[in-house]
Amino acid sequence: MDHLGAVIAVYAAISGLLGSVVNLDSPGHYLNWGFIHISVANLVVICLMVVTFILAIFLPFPGHRSSKGGKDD
Amino acid sequence: MWTAKVRRSVVNALPPERMLPDRQPAYVASWIYVFGVTTMTAMMVVIGTGCILAIMGPQWWHTSSFGHFINSLHLWSVELFFFAMVIHLWGKFFMAAWRGNRALTWVTGVVTFLASIVTGLTGYVSQTNFDSQWISTQAKDGINATGGGAFFNVLNFGQMLMWHIVLMPLAVIALVALHVLMVRRRGVVPPFPAKGEQLPSMTGGTASAPAEPVPTTSEEVPA
């Protein structure tokens, strides 16, 4: 639960920081590439998803340890 | 008697220790496996906030700051729902999670994804503001081009709201329940075997992915 509280606090801090850097009270900016018409915000979210996916594959999972004798069943 | 037959087939397919396991295979200890449950947790927040919005009505959030907060929670939990669901989809796709007789698990997942999009669209046009009016006037052109506009009218607020709060939630919840039951029944798909290695093949499965849950290690799921 402490770990969860820390994670929530970090995300809240990052959101606050982003809100102060990016003007959230203006029309969105859009990128165009052929038929693709996407907002910068949407593109950022997609990039975040790709980064999260890569991190999920490579980050070590806490508490995982081999069973006795170092062998899995 | 039919009730006894149903009971026997249900208990055979999903005995209690498989329905509510207390152990998991060692390979599940990876962050890529948290996104399914994250999706479901977000879905519970969506449903909870949606129920509050239903109690107070679709215009409540315009005149109440608490209503605005609940509406925002509803929106952002939907964003988290899709964020987690798509990462879950990517993970399952790249680990070919349909292996070992798990085709129905994969298919229910895909259909849930599509049903979620329809749920999101019907919610998007039910905001009772100028934004939702714009969205519905744009969406009607696309839907009319498919012919579906004849009976699925995004400009019909009542129809869209009822699809959003009755029909689509029932569909999504039923699909998610079936999806999770299939995961319980077949177990989490094991990773691809290392080169030259074969997992023990079991009835109905393939060499690379048994159809039945893989025997677990001594690693207990934390309470």
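1. How do the two domains meet? On one side, 8 residues of domain 1 of chain B take part, and they are in contact with 7 residues of domain 2 of chain B. Helix 3 (residues 35-56) of chain B is the element that gives the most to the domain 1 side, with 5 residues. That side of domain 1 of chain B, sorted by class, has 6 nonpolar and 2 polar residues, and no charged ones.

2. Chain B has 8 helices and 0 strands, so the order from the N terminus reads α-α-α-α-α-α-α-α under the DSSP assignment of elements. Of its 223 residues, 25% count as buried. As for contacts in chain B between residues at least 6 apart in sequence, 69% of them join residues at least 24 apart.

3. Now to the inside. Please have a look at the largest nonpolar core, which has 10 residues. Helix 5 of chain B gives the most, with 5 residues.

4. Setting aside neighbours within four places in sequence, Ala42(B) is in contact with Ser77(B), Leu80(B), Phe81(B) and Ala84(B). Apart from this core lies another one, of 9 residues, including Val125(B), Trp163(B), Met168(B) and Val172(B).

5. Chain A has 2 helices and 2 strands, and from the N terminus its elements run α-β-β-α. How many of its residues count as buried? Of the 73 residues of chain A, 0% do.

6. Strand 1 (residues 30-33) of chain A and strand 2 (residues 36-39) of chain A run antiparallel and are joined by 4 bridges. Together they form a hairpin with 2 residues between the strands. In the turn, Gly34(A) has a positive phi of about 65°. Across the pair, Trp33(A) stands opposite Ile36(A), while Tyr30(A) stands opposite Ser39(A).

7. Finally, a friendly caution on confidence in chain A. The mean pLDDT of chain A is 79, with 75% of its residues reaching 70 or more. Which elements mark the two ends of the range? Helix 1 (residues 2-21) of chain A has the lowest mean pLDDT among the elements, 70, and helix 2 (residues 40-58) of chain A has the highest, 96.

8. Over residues 67-73 of chain A, pLDDT stays under 50. The model has 11 contacts beyond four places in sequence for this stretch. Where pLDDT is low, the predicted coordinates should not be read in detail.

Definitions and conventions: Residues are numbered from 1 along each chain as its sequence is written. Chains are lettered from A and ligands numbered from 1 in the order in which they are written. This is a predicted model: local features need pLDDT of at least 70, side-chain atom pairs count only at pLDDT 80 or more; totals for chains, interfaces and linings use all residues. Two residues are in contact if their C-beta atoms, placed from the backbone, lie within 7 Å. Ala, Val, Leu, Ile, Met, Phe, Trp, Tyr, Cys and Pro count as nonpolar, Asp, Glu, Lys and Arg as charged, and the others, Gly among them, as polar. A nonpolar core is a set of buried Ala, Val, Leu, Ile, Met, Phe, Trp, Tyr and Cys residues joined through C-beta atoms within 7 Å. A residue is buried if 20 or more other C-beta atoms lie within 10 Å of its own, exposed if 12 or fewer, and partly exposed in between; C-beta atoms are placed from the backbone. pLDDT is the predictor's confidence in each residue, from 0 to 100. Two strands pair if DSSP finds at least two bridges between them.
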